[in-house]
Amino acid sequence: MNILVRDILEEQVRADILILPFFEDYSTDSYSGLDLIVNGIISKVINNRDFSGRHGQNMLLPVNNINASRILLTGLGRRQGLSQEQIRQAGAKAFSAVKEIGVVSDVAVSTTIFDHLPDNVHFTQKPAFYFLEGGLLGIYRFDKYKTTQDNGKLKKDMSSITILDDDKMLPIAWLQALISATYLARDLVNTPSNDMTPTAMANISKSLAGKRVTVTILERRDIEKEKMGAYLSVTKGSNEPPKFIIIEYKGGKGRPLVLIGKSVTFDSGGLDIKPSDGMEKMKYDMAGGAAVLSVLKAISEMKLPVNVIGILPAVENLVGGSASRPGDVVGTITGKTVEIISTDAEGRLTLADAIGFAIKYKKPGAIIDIATLTGACSMAFGNEAIAMMGTDKGLMARLRAASEEAYERAWPMPLFEEYKDYLKSDIADVKNMGGKKGALASSACFLREFAGDTPWVHLDIAGAAWNDKERPYSPKGASGVGVRLLLNFLKES
Ligand code: BES
Ligand code: ZN
Ligand code: ZN
């Protein structure tokens, strides 16, 4: 998709549809010149109260006398207390209305109204940025596996978007990086596990290799050599070979930041098998890895001046004849032993070895892991937030700020010393499950055992990574959460 910024008038732009945003509680004469040209049709629907500018309201008007064929009036809602999220959501409503029409390929967006923000409103980006961000994120669809269209309408893909703005201060390349990385993460997660195997994740990762990017895949024998016994224990019930994926991006100086993404391509629970109800969703247990992969792709394309290493310990958790048993004890790369109480607490087993590997070989300045780790996280937050725990307050504060900007809210949760007791094993150094109570915190506590003194933050995205219902700018299915959060964070680093 081609996004252009052009300093021309609404009546001049050539487009299939021209989007005009309005406030509900504030009228300007911004569009009065245009209104005159289109024979007063805009003022007419407003004066008739057919259109009020209510948040999410859309009204399509066929017009003559200008270069655009139609106008879409769209409501931003109240100007007082305007938030960037409100603008994103309005953008999503407008773009989904455009997509519904089906025959639109060239879209233009007027930004005149955004010159009239209240004085106390300050955003990081210009409002038009958020409008487009919401709009573009919202029109994502995953239809790779559909051989026929859902309805008979003639569909055209949007091919160009023209933003009517008077300066070039809109970072369009950055916007496109955020969008395409989120799309990629959603695609990877929505792809079913029979196609999104550890091998597939490794192959996609390999395609990122280039000037500043090195990709290394550790195979089963390498993993055995490194004594990553906890990670290996998860793969034993599956015929899909494990792939320990390392994506290194060198764009700056200093110690690297290591991003570790949980990459369990399907989580059946293992012998502690999950209930069948909803098990099909466990293809999304690699959403952390998908986010990390997509972030590395985006930062390498944007050439950000940072050093980042992505690690994806990809594996499938099934129930074959060699599967791990509850009660088994396994070693890890750190030398610590783990008693497997639940084969369904497999994510932390893979992450423990990945954290140990990163510390042993990569001298990280800090480690951030992102993982669909616990059902408890989704019970606590629903789809609304990411649970954040860690050992570095400064890093957590920066992640929190980046998460607010992206509206992918990372919410701090406690990591009390006492949780360590939950993980005491009778026969090994630790056990991999601390019981139902306190399950969110004890999962993070388990990881902390392996992070040691390295500054480390854990992001549990079990709730936010998958939408059971459509959300304002994310359809049902994979949300791509974490991608914009991490990209915002890295941009500020
Ligand atoms: N992948 C799951 C966590 C999960 C559950 C993600 C629901 C998304 C939605 C994880 O591997 C798991 O099964 N965790 C167990 C841990 C327990 C056995 C200690 C859980 O949370 O129930
Ligand atoms: Zn599990
Ligand atoms: Zn899992």
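**Exercise 1. Find the loop that holds Tyr-407, and work out whether its phi is positive or negative.**

Step 1. Look between helix H12 (393-406) and strand E16 (410-412): the loop there contains Tyr-407. Keep in mind as you explore that this is a predicted model.

Step 2. Now check the backbone. Phi of Tyr-407 is positive, about 55°, although the residue is not a glycine.

Step 3. Finish with the surroundings. Tyr-407 has a relative accessible area of 32%, so it counts as partly exposed, a class that lies between the cut-offs of 20% and 50%.

**Exercise 2. Locate Asn-65 and decide whether it is buried or exposed.**

Step 1. Go to the loop that joins strand E3 (58-62) and strand E4 (70-77), where Asn-65 is found.

Step 2. Here, too, phi is positive in a residue other than glycine, with a value near 75°.

Step 3. Exposed means over 50% relative accessible area. Asn-65 reaches 52% and therefore counts as exposed.

**Exercise 3. Which protein atoms hold the zinc ion (ligand 2), and what is the geometry of its site?**

Step 1. List the protein donors: Asp-267 gives an OD atom, Asp-344 gives both O and OD, and Glu-346 gives OE.

Step 2. Turn to the angles. The site has 6 donor atoms with angles of 73 to 168° among them, and it is classed as irregular.

Step 3. Read the spacing of the donor residues along the sequence: D-x76-D-x1-E.

Step 4. Asp-267 belongs to strand E10 (residues 263-267), while Glu-346 is in the loop between strand E13 (337-339) and helix H10 (347-362). The two are 79 residues apart, and the pair links distant parts of the chain.

Step 5. Check their accessibility. Asp-267 is buried at 3% relative accessible area, and Glu-346 is buried at 0%.

**Exercise 4. Describe the site of the zinc ion (ligand 3), and name the residue that coordinates both it and the zinc ion (ligand 2).**

Step 1. Collect the donors of ligand 3: Lys-262 (NZ), Asp-267 (OD), Asp-285 (OD) and Glu-346 (OE), at 2.0 to 2.4 Å.

Step 2. Classify the site. Its 6 donor atoms make angles of 78 to 174°, and the site is octahedral. For comparison, ideal angles for six octahedral donors are 90 or 180 degrees.

Step 3. Along the sequence, the donor residues follow the spacing K-x4-D-x17-D-x60-E. Lys-262 is in the loop between strand E9 (257-261) and E10, and Asp-285 is in the loop between E10 and helix H9 (287-302), so this pair ties together parts 23 residues apart in sequence.

Step 4. Both of these residues are buried: Lys-262 has a relative accessible area of 2%, as does Asp-285.

Step 5. Bring in the other ion. The two zinc ions are 3.2 Å apart, and Asp-267 coordinates both.

Note on methods:
Residues are numbered from 1 along each chain as its sequence is written. Chains are lettered from A and ligands numbered from 1 in the order in which they are written. This is a predicted model: local features need pLDDT of at least 70, side-chain atom pairs count only at pLDDT 80 or more; totals for chains, interfaces and linings use all residues. Side-chain values use heavy atoms; hydrogens and water are left out. Donors are N, O and S atoms within 2.8 Å of the metal (3.2 Å for Na, K and Ca); water is not among the atoms, so sites may look incomplete. Four donors count as tetrahedral if all angles lie between 85 and 135 degrees; four count as square planar and six as octahedral if opposite donors are over 155 degrees apart and all others between 65 and 115; anything else is irregular. Helices (H or I, at least four residues) and strands (E, at least two) are DSSP runs, numbered from the N terminus. Buried means under 20% relative accessible area, exposed over 50%, partly exposed in between (1.4 Å probe, protein chains only).
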